[in-house]
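Have the viewer open while you read.

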Amino acid sequence: MIGMKLLSLAGFMAGAAILGLVAGWVDRKVSARVQYRVGPPFFQNFNDFFKLLGKETILVRDGVNWLFVAAPLAAFGMLSLLTAMIGTALLFNRGFGGDLIVVMYLMMIYSVALVIGGASTGNVYASVGAGREIKLLLGDELVFILVCLVPVIQSGYALRLEAILAAQAANGPVILSPSGFIAFVLGLLCIQAKIALPPFHIPEAETEIVEGPLMEYGGPLLAFWKLNHHMMYAVYPLLLVLLFFGGFRLEGLGILWAVLKYLGIVVLMILIKNTNPRVRIDTALRFFWKIAAPLGILAMILAVLGV
Amino acid sequence: MKLSENANQIPVGPFHPLLEEAEYFNLTVEGETVVDIDMDIGWMHRGHEFISEQKTFTQSIFLVERICGICSTSHPLACVHAVEDVDNLEIPERAAYIRTLIGELERIHSHLLWLGLAGHFIGYDTLWMWAWKYREPVLQMFEVISGNRNHYGMMRVGGVARDVDPDRVKALDNILDTVDSKVHMIVKAAMDDPVLKSRLVGVGVLSREDAVAMCAVGPTSRASGVPWDVRKDEPGDAYGMVDFDVIVQNGGGVWDKLVVRLLEILESTRICRQCLEKLKTVKGPILNDVKEISAGEGIGRYEAPRGEVFHYVRTDGSNRAIRHKVRAPSYVNIPTFSASCKGIPIADALITLAAVDPCYCCTERALRVKGEDAGTIDFLTLSREKTERIRREIHG
C-alpha cells in the first residue's frame with residue numbers, strides 16, 4: 001500500500017517534470033515567435049537538464065554548503081508534493097480537510113528555499129537577489145491568499161480542493177462570476193511573481209544582479225533549480241485551473257478542454273511576460289499592496305455578497 | 001567617505017551582463033539604494049593611436065574605422081576632417097552628400113541598436129528583438145552603398161572612396177521607404193508604450209548644470225536641455241546644405257535620452273532622403289586628388305551617434321601623422337554617472353549606466369580578436385555572395 005503511494009508520488013513528480021519541461025518549451029517557442037525568432041527544438045529543455053546533470057558541482061569555500069545543496073532539493077521535494085496534492089484533486093477528486101492551506105504553505109516554501117540557498121553563499125549579487133525575493137514574497141503572498149479565498153467562499157467556505165471542484169461542477173466555474181474574474185486576474189499576476197517571470201523577474205534580474213540567488217549554482221544543483229522553475233510552469237497554472245476553471249475530466253472532449261484550459265493560462269502568462277519590462281521592486285510592492293490587495297479584498301467582499 | 005554598517009559593494013564589471021565590454025563600476029549600496037559609484041576605466045588597451053602614427057593617412061582611416069564596430073564611420077570621418085583641416089582642403093559637393101548619407105544611416109542603426117539594448121537591460125526582450133529586426137534594412141543600405149554591413153571603408157582625405165551610381169540611388173530610395181515606415185512604427189510604439197514610460201520617466205536624472213559642468217556630449221547632453229550638436233554648431237560636409245532639427249529634451253532622465261534618440265532617428269531619415277535627392281542631381285567628382293599634406297596641426301570633429309568625437313593630428317609634411325589623438329564621446333559621458341546614479345535604486349542605476357550608450361572600445365581603443373573557429377560556414381564567402389547578389393539585382 002505504501003509502495004503504491006510512493007509510486008504514485010513518483011508518477012506525479014515525473015509527470016510534473018515532463019509537463020513543465022514541455023511547457024517551458026512552449027514558452028520559449030511562443031516567445032521566440034513573438035520576437036521574430038525561430039526558437040529552440042522540442043527536446044532543448046530536456047537536453048539542457050541532462051547536460052547540467054553531467055557537470056561538476058562547485059561549492060563555495062566560505063559558504064554554508066549543506067544549505068546550499070539542500071535548498072534546491074528541498075524545493076524540488078516541495079514541488080513534487082504540491083504536484084501530488086493538486087494532481088490527486090484534479091485527477092481523482094480526492095483530498096483532505098484543509099489541503100488548500102497546505103498548498104499555500106508549500107508554495108511559500110519554494111521562495112524560502114531560494115532565499116536560503118542563495119544567501120548561504122554570501123555572494124553579494126545573491127544576497128541582493130535574496131532580499132528582493134523576500135520582498136516580492138511579502139508583496140504577492142497577501143494577494144494570493146485573498147485570491148484563494150474567493151473560490152473558498154463561493155464553494156460554501158470549503159477549504160478542501162475536492163469540495164471546491166465539486167461546488168464548481170454544481171454551480172459553474174468560479175471565473176464566470178465577477179468576483180471570480182477579478183480574483184483570477186490577480187491570481188495570474190501573483191503566479192507570475194511566484195515563478196519570477198517578467199515583469200516580476202526582479203530577484204533574478206540577469207542584467208542587474210546576474211541571476212541573483214542562482215549566481216553561485218552550477219551543474220546538477222542548477223539543473224534542479226531549472227527543473228523546479230519548469231515544474232512551477234506545470235503546477236501553478238493547474239492550480240488556477242482547479243480554483244477558477246472547475247478542473248477537468250480526462251475522458252472524451254474533456255481532454256481537449258483540459259489542454260485548452262491549461263494552455264490558455266500558459267499563453268496568457270507568456271504574453272504578459274513578453275509585453276512588459278521588469279518593474280522595480282518598490283513598484284512591484286506598491287502594486288501588490290496598494291492596487292492588488294484592495295482589489296483582492298473587493299473580490300472577497302463580492303464573493304461574500306454572492307456575485 | 002564614511003560608510004554606514006549597512007553599506008554593501010556591488011561590482012558591476014569588469015565582466016557583467018550589462019556591459020558588452022570590459023569595464024568596472026563599483027556601486028556602494030545601502031539596501032537597494034546606490035549611495036556612491038566608483039568608475040574605473042582602462043581595462044582594454046589596443047594602442048590604436050600609436051599604430052596610427054606608423055601608418056599613412058589612408059591606411060590609418062581603415063585603422064580608426066575599427067576603433068568601434070558600431071560608430072564605424074564617425075571615427076574615419078573625424079579623422080579625415082582632421083587631416084583636411086591641416087591644409088584646409090575642400091571636398092567635392094557630391095562627396096559631401098555621400099559622407100552625410102552614410103553618417104546619418106549610421107546614426108539610425110546605432111540608435112536602434114541602443115533602443116534594443118536598453119529594452120534588454122530592463123528585461124523587455126521583445127523590444128530588443130523588434131528594434132534589431134528593423135535595424136536590418138539599414139545595414140542592407142550600407143551593403144548596397146559599400147558592399148559591407150559594418151565597416152564601410154568609404155572615407156578618404158579629400159572625398160569618398162566609391163561613388164553611388166544612379167541605379168543604386170534608386171535601390172536605396174526603395175529601401176529607405178521600408179526603413180522609414182518601420183522606424184516610424186517602432187518610434188511610435190516605443191514612445192506610446194505606457195509601461196516603458198512609467199519605468200523610465202524621471203530615472204537617473206542628469207541636471208542641465210551637471211551636464212554642462214561635466215561636458216556631456218551628444219544625446220546625453222541634449223536630453224538635459226543643452227543643445228550642443230556639432231552638425232549644427234560647425235556644419236561640415238553637407239550638413240550646412242540639408243534641413244534638419246536638433247532634438248532637445250529638458251527632463252535629463254533615461255526617458256528623455258530615449259525620446260531624443262528616437263526623434264533623432266526620424267530626423268536622420270529626413271536627412272538621408274534629402275541626400276538621396278541631391279545625389280540624383282548633383283554630379284561631379286567624388287574625390288579630390290590630394291598629393292601631400294603639409295606640416296601642421298588639424299582637428300576633426302563629428303557628431304557621432306553618442307556625441308562629439310574628436311580627432312587631432314599633427315603632421316610633419318610626410319605621408320603620416322606624427323601624433324594622432326582620439327577622444328570618443330563616451331570618455332566624457334561616463335563621468336556623468338557620478339551625478340546621475342547616486343541616491344536611486346540599483347535597478348534604476350543600471351539602466352542609467354546604459355542610457356548614455358557607453359562605448360568602451362571607443363573610449364579605450366582595445367583590439368577585439370575574432371574567435372579562432374568560425375564554424376563550418378565561411379561567413380566571408382556568404383557575405384561576398386550576398387553582396388554580389390545585391391549588385392546583380394540592382395544592375396540587372
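## Where the chains meet

How much area is buried between chain B and chain A? In this predicted model, about 2,300 Å² is buried between the two, and carbon and sulfur atoms give 59% of that. On the chain B side, B:Pro17, B:Glu32 and B:Met129 lose the most area to chain A, together 20% of what that side buries. Counted by residues, 29 from chain B are in contact with 23 from chain A.

As for polar contacts, eight residue pairs are counted between chain B and chain A, with both residues at pLDDT 80 or more.

Several elements of chain B each supply at least two residues to the side that touches chain A: strand S1 (7-12) and helices H4 (93-121), H5 (125-146), H7 (194-200) and H14 (346-355). H5(B) gives the most, with six residues. Sorted by class, that side of chain B has 18 nonpolar, six polar and five charged residues.

## A three-stranded sheet in chain B

Over to the strands. Chain B has an open sheet of three strands in the order S6-S7-S8, with antiparallel pairing. Which strands stand at the edges? Those are S6 (295-304) and S8 (321-327) of chain B; each has a single partner strand, so one side of each is left without a neighbour in the sheet. On average, neighbouring strands here are turned by 10° against each other, direction ignored.

Ten bridges join S6(B) to S7(B), residues 307-316, and the two run antiparallel. To find your place in that pair, look for B:Gly298, which stands opposite B:Val313 in S7(B). Helix H3 of chain B (residues 74-87) packs on the sheet and touches S6, S7 and S8 of chain B. The direction of H3(B) makes about 150° with that of S6(B).

S2(B) and S3(B) form a hairpin with two residues between them.

Note on methods:
Residues are numbered from 1 along each chain as its sequence is written. Chains are lettered from A and ligands numbered from 1 in the order in which they are written. This is a predicted model: local features need pLDDT of at least 70, side-chain atom pairs count only at pLDDT 80 or more; totals for chains, interfaces and linings use all residues. Side-chain values use heavy atoms; hydrogens and water are left out. Two strands pair if DSSP finds at least two bridges between them. Helices (H or I, at least four residues) and strands (E, at least two) are DSSP runs, numbered from the N terminus. Axes are lines fitted to C-alpha atoms, for helices over the stretch in contact, and angles run from 0 to 180 degrees between N-to-C directions. Contact means heavy atoms within 4.5 Å. Buried area is the accessible area (1.4 Å probe) that two parts lose on being put together, summed over both. A polar contact is a pair of N or O atoms within 3.5 Å; within protein, one must be able to donate a hydrogen and the other to accept it, and residues adjacent in sequence count only if both atoms are side-chain atoms. Ala, Val, Leu, Ile, Met, Phe, Trp, Tyr, Cys and Pro count as nonpolar, Asp, Glu, Lys and Arg as charged, and the others, Gly among them, as polar.
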